[in-house]
Amino acid sequence: MARDLTCSLVLAAIAVVYYLLASSIGASALADEVGPAGLPLAYAVLLGAVALLLAAKTALEYWLARAAVAPQQRSGPGMGFVLRRAAGALAIGAGYVAIVDVIGYWLALGLLIPAMALYQGRKLGRGLIVISITAASAFWLLFVWLLDIPMPGPWIP
Amino acid sequence: MDTLTQIFELLLTTPLVPAAAAGVAWGILGGALPGISPSITMALVLPFTYGMDPGSAIVMLSATYVGAEYGGSIPAILINTPGTNAAAATVLDGYAMQQQGRGGEALGISLYSGVIGSFFGLLMLVLLTEPLARVALAFTPMAYFALGILGLSVIASLSGESLLKGLAAGLIGLMVATVGSDPISGVPRFTFGEADLLDGIPPILIMVGLFAVSELLQQSSTGEWQKADRTRTRLKFPSGRLRRRLLKPQLFGSVIGTFEGVMPGAGGTIASFMSYNEARRWSRHPEEFGKGSPEGIAAPEAANNTVAATALVPVLSFGIPGSNSAAILLGGLLVHGLIPGPRLFEENGDVILSLYTGLFFATISMAILGMLILPACLWLVNRPKAYLMAFIYALIFSGVYSIDYSLFDLALVLAAGAMGLLMRLVGLPFLPTVLGVVLGYLVESNYRRSLVLSGGDHMIFVEDRIALGLLAVAALFIFGSLATRAWLLVRRRGSAAK
């Protein structure tokens, strides 16, 4: 119930934002009858309608089942916990994208791998450092040396 | 004779056999990791294909798919956790055999049936693909628009529990496909002044983000995988008598796998459960099913390996991916500048021949590597998940950067990953979104071109016979899916009332 309602709210928000952006698409002398904004606007309206229908269906199902079914116990981690953990992992990835051009591919990987492993619960120690350096070097050898990919950054061993 | 000469030439001039073997090995390892689906395994191998000739690249991707379908059965049998969705049916009897100390026999049946299914699927792929692609030679813009609608109509059967959520996911994909220059007037749309977005968002970035990054983000909130017992298991091929007993379930699996693979949207999971059900129904020992029946492994494994080949039929013929893995393969074709359809067969016949030849060697490789690689799979499954996740993250970044040497692409993949995680949390399926992204441009550009041709008259879609036929099939598909959905709902309510 809560998940479907959240879903319909998220969809409605996407529909509104996308509609507003589609409305501001510039006109062109070369445009056809439908125009560059024609289908995007239609998609936004359709998504809005789907969001409304989903909300209505969820509310109806809740109303029909309220008396008959006891609330179910949630199993597994809650949405808030999953989002917080995922935000951390995403931040580590974003950090890699932000620094790789500055410090170079090998060093950035040498930071990404232990950061992710530590975040996933490994303890900081010699093993982690050795594995990180070995893995970063293996990736460098594979992509830069073997596959000849010009990886970003000025500092590459 | 000409074809045989061409095949020998291909084998001598391109690394087809190594690509097939490497793809299968990678696929088995990836499929063996719980949570790492065939599509994720394929997305991770993509960067290694950029530097290859298109034929070897496509062979490596499709061989990965073949290998992953077998790899998925390893944790299903050994630790009661399917490595892939399609291996879920294998759990039922595979794990029961493992508990009886017959895990090695179960793995042998899985590998043997997978090889049979793969050969059958390859035969069907060769027989069906080109005749279907020839149909597309007569296509007009109206027919291409109708083909796009037919592809999108698959959403009705891909939506899982909620049709509305499937529709919403498909619309999100169509919205993503509108980013970039307008196909008719060239006006920039949703680019926010960013030059990198003028050419649109490459579908492959969305696929890697949705499948691989979102899985990684979600895995960051779950614990360790269950560990496998490395001491007891040694793969054992079935005896002659058992092989005769397995023929019938393998035939069920292969035929159902062909049908489900060719039908966009059906996929390996449905095929394996359907074939399991049919094998039980027609078995002389139905009472053994669920308690360690060899037939209960043979049917689903033959089915999901057949699907790995036949799912390529709609991709190669029309460019319509029927499953996540087929969508990644389509992404691989597009990255190498190969457009599916009849022209692919005319202009890049060598690529198609490479694919068929490579899949043949991939199947042979699977039979050999399936035995050799088992210890490596068990070792990998027993590694700390934290390191595997960290290496996968590094592999995603290195691989995506290798496409266009663009840091902007890395940011896009992360954004797609975040979108994928949100979609997982609110229960939106991925494949409708991928279909929207892949087919959005085809639908919009041909719809508008058709209207330019007709001066705005929509009757042009009815007057074009191919377009009308395709739209009729799409309508049938949608109504069929809706009817099936309604029937299942009524049956479920009936059972609940009892």
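What share of the contacts in chain B with a separation of 6 or more comes from residues 24 or more positions apart? Such residues account for 78% of these contacts, two residues being in contact if their C-beta atoms, placed from the backbone, lie within 7 Å.

Before the tour begins, note that residues are numbered from 1 along each chain as its sequence is written, while chains are lettered from A and ligands numbered from 1 in the order in which they are written. The model is predicted: local features need pLDDT of at least 70, side-chain atom pairs count only at pLDDT 80 or more, and totals for chains, interfaces and linings use all residues.

Select chain B. Chain B holds 24 helices and two strands; helices (H or I, at least four residues) and strands (E, at least two) are DSSP runs, numbered from the N terminus. Along the principal axes, its C-alpha atoms fill a box of roughly 70 × 55 × 55 Å. Of the 498 residues, 63% count as buried, that is, with 20 or more other C-beta atoms within 10 Å of their own C-beta, whereas 12 or fewer means exposed and the range in between partly exposed, with C-beta atoms placed from the backbone.

Now colour chain B by pLDDT, the predictor's confidence in each residue, from 0 to 100. The average is 84, and 93% of the residues score at least 70. Where pLDDT is low, the predicted coordinates should not be read in detail.

Next, select helix α24 (residues 465–497) of chain B, where B:Ala472 is placed. B:Ala472 counts as exposed because it has 12 C-beta neighbours inside 10 Å. Its C-alpha atom is separated by 15 Å from that of B:Leu482, 10 residues apart along the chain.

Finally, show both chains. The contact takes 58 residues from chain A and 52 residues from chain B. On the side of chain A that touches chain B, α3(A) gives the most, with 13 residues. For the complex, the predictor gives an ipTM of 0.90 and a pTM of 0.78.
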